[in-house]
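The report below describes selected packing and pairing features of the structure shown here.

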Amino acid sequence: MSGDSRTGPASDGVRSSGDDPRPATYYHLAKAVLYREYLIFVRYPANAIGGIVISLFFFGLLFYGGQMVAGQALTDSIEGIIVGYFLWTLAVGAYSSISNDIGSEVQWGTLERHIMTPFGFAPVALLKGVAKVVRTFLTSALILAVMLAVTDTALQLPLVTITVVAALAICSVLGLGFAAGGIAVLYKRIGNWLNLLQFGFILLISAPAFELGWTRLLPLALGSSMLQRAMIEGTRLWQFPLVDLGALVVVAVGYLVLGYAVFELSTRRARRLGVLGDY
Amino acid sequence: MTMQEPPQPRTARQPAAESPSETDDPALVVDGLVKRFGSGETAVTAVDDVSFSVDRGSVVGLLGPNGAGKTTTIKSILGMVLPDSGSVRVQGVDIYEHPRQAYRHVDAMLEGARNDYWRLTVRENLRYFATISGVVPDSVADRHERLLDQLDLAEKADEPVRSLSRGMKQKVSLASVLATDASVVFLDEPTLGLDVESSLTLRRELRRIVAERDLTVLLSSHDMDVIEDVCDRVIIMNDGRVIADDSVEQLLRQPEASRFRVTSPDIDAALRREITERFDVVEAAVTDDTTRIDVDTDSAGFYDLVALLRADGVTLESVRTPDPDLEDVFLGLTNGGGEKSDERRERTR
């Protein structure tokens, strides 16, 4: 967003440069949506910090509790656990922020204004999703750093590969978030039930996508396996088979489109029932 | 990188018209709007064949008792509730067929103080919603400053909305709607919950802003003072139907508003009873030395009343027609859709 543009009231009858409406482009839209997310993030950090603390607390339980129970077996597989947990925090952050955000927009009465935009709701929603993912990447990166420090573990960090693979894996989760948000708009106050889905992410992340071919079609599964290879074995993006990369893209786009379609259908049904703005 | 532009909002450089139909049409045309909720015996017709049009630059009030269908009508017009049948054209554009093109002309305050971000500052809200509506916020920065001044928000411009009073939040909601470049604005209960002073300020500034920017406004309110004060024309709804659609002046001349007030020291209890039996007595007040009776009747009935009083040897202190207000008209048309407010009753006495 541009800086402070206050130029003072224009004199009567004379249009100043500050009162000469110019059409906004998608660039302006992106700036506005991302800047709003940034403002909320820096102005109200308690939520983000709370999320990080809770994530680390559960990781601590998993790591130290697991060591007591499984001993060396857990230590041997700690790299996989860290990568899986990193992806899980990313997925949970993206999923809950997009589904909860839609519910909040309904409560605030702002969802309708976003639907009534000449840009169309889809680009606005997509940009909001991107903003959530960027935010979640930052917090999850911090969690990853603490996990590595606590467990004294070293991982490969090929940034481009991690960013691309994780982002595509998270795209499918965004789709699930849109679907959940749409269902919440229609049925109201079922957010707690939909939040249970995030525990299902653990199964998806641990699915053996390379060994069990059909699981590649599930959200997160292939992305998780590829991320394990990238961060543990140091595989670079261009070293993955094309078919895996293609499958990753198709699954990401497919679930995103499917999730958005569910959101569209749900909000259309909500408009038909006259409950769009109800909460 | 080339950025694609959305359908263009109306700007000073780029007039609203992109096609002849957009130039010639009224700002808003609603035709045969019907919306039912539920099915079978429990079905409720919230909007029942509602049709009207609104000329550019006019302010139209939507009035009706609770459950009359005002909010559903507005939400149906905007596509936030999908109607069962009917069509809506905004600046000549069918809002259901081409919503994105139609939305560039439109903004709405639907939920009172519930349509902006309370965690952002007032100014940030204006800039954000201007962008969402399709306008570069810097290009309307001066407009935003004027709005902040006009709505007494300048001092609070950099404070988060959540820290403001309810009245201020309501003003921010209105400001964020007017901060866009919409030419047709929908305001659903814009003064709900405001104190008298805030309501007066908001009405005064709304009138001024509407005139300055040649806005078309459809405003729903329970507050008849707001409607009477701000609107050129009033549409009265009851049970989902439009039961009156006229200018405020014309509505005040409705036959339902033909009220006569007679005051005399000679009207005793028996005569009061007889008058009550024969005429539609709206109000009767007896003091120590005089009796005042308000009767709703036509001119023939009025002559009958005078004849009755004369036959009883009553000396009339005064006979006059109290000026009806919009609330009298509204109550007459909706068969009492709510009792006349105490404040109003006091004022008419």
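Beyond its neighbours within four places in sequence, A:Ile170 is in contact with A:Leu90, A:Ala91, A:Ala94 and A:Val133, where contact requires that the C-beta atoms of two residues, placed from the backbone, lie within 7 Å. This is a predicted model, in which local features need pLDDT of at least 70 and side-chain atom pairs count only at pLDDT 80 or more, whereas totals for chains, interfaces and linings use all residues. Residues are numbered from 1 along each chain as its sequence is written, while chains are lettered from A and ligands numbered from 1 in the order in which they are written.

A:Ile170 is also among the members of the largest nonpolar core that touch the most other members, together with A:Leu87, A:Ala91, A:Leu227 and B:Ala175, in a core of 147 residues. Helix H7 (residues 159–187) of chain A supplies the largest share of this core, 17 residues. A separate, second core of seven residues includes B:Phe260, B:Val262, B:Ile275 and B:Leu309. Such a core is a set of buried Ala, Val, Leu, Ile, Met, Phe, Trp, Tyr and Cys residues joined through C-beta atoms within 7 Å, and a residue is buried if 20 or more other C-beta atoms lie within 10 Å of its own, with C-beta atoms placed from the backbone.

## Helix packing in chain A

The axes of helix H4 (residues 78–108) of chain A and H7(A), helices being DSSP runs of H or I with at least four residues, come within 8 Å and cross at roughly 30°. H4(A) and H7(A) are therefore roughly parallel to each other, a description that applies to angles under 35 degrees. Among the residues that meet in this pair are A:Leu87, A:Leu90 and A:Ala91 in H4(A) and A:Ala166, A:Ile170 and A:Val173 in H7(A).

## A buried helix in chain B

Nine of the nine residues of helix H2 (residues 70–78) of chain B are buried, so H2(B) is largely enclosed by the rest of the structure. The buried residues include B:Lys70, B:Lys75 and B:Ile77. B:Gly79, whose phi is positive, near 85°, follows H2(B).

## Strand pairing in chain B

Strand S11 (residues 259–264) of chain B pairs with strand S13 (residues 291–296) of chain B in the antiparallel sense over six bridges, pairing being assigned if DSSP finds at least two bridges. B:Phe260 has B:Val295 in S13(B) as its bridge partner.

Methods:
Buried ≥ 20, exposed ≤ 12 C-beta atoms within 10 Å, placed from the backbone. Helix = DSSP H or I, 4+ residues; strand = E, 2+ residues; numbered from the N terminus. Axes fitted to C-alpha atoms, helices over the stretch in contact; angles between N-to-C directions. Parallel < 35°, antiparallel > 145°, perpendicular 65-115°, else oblique.
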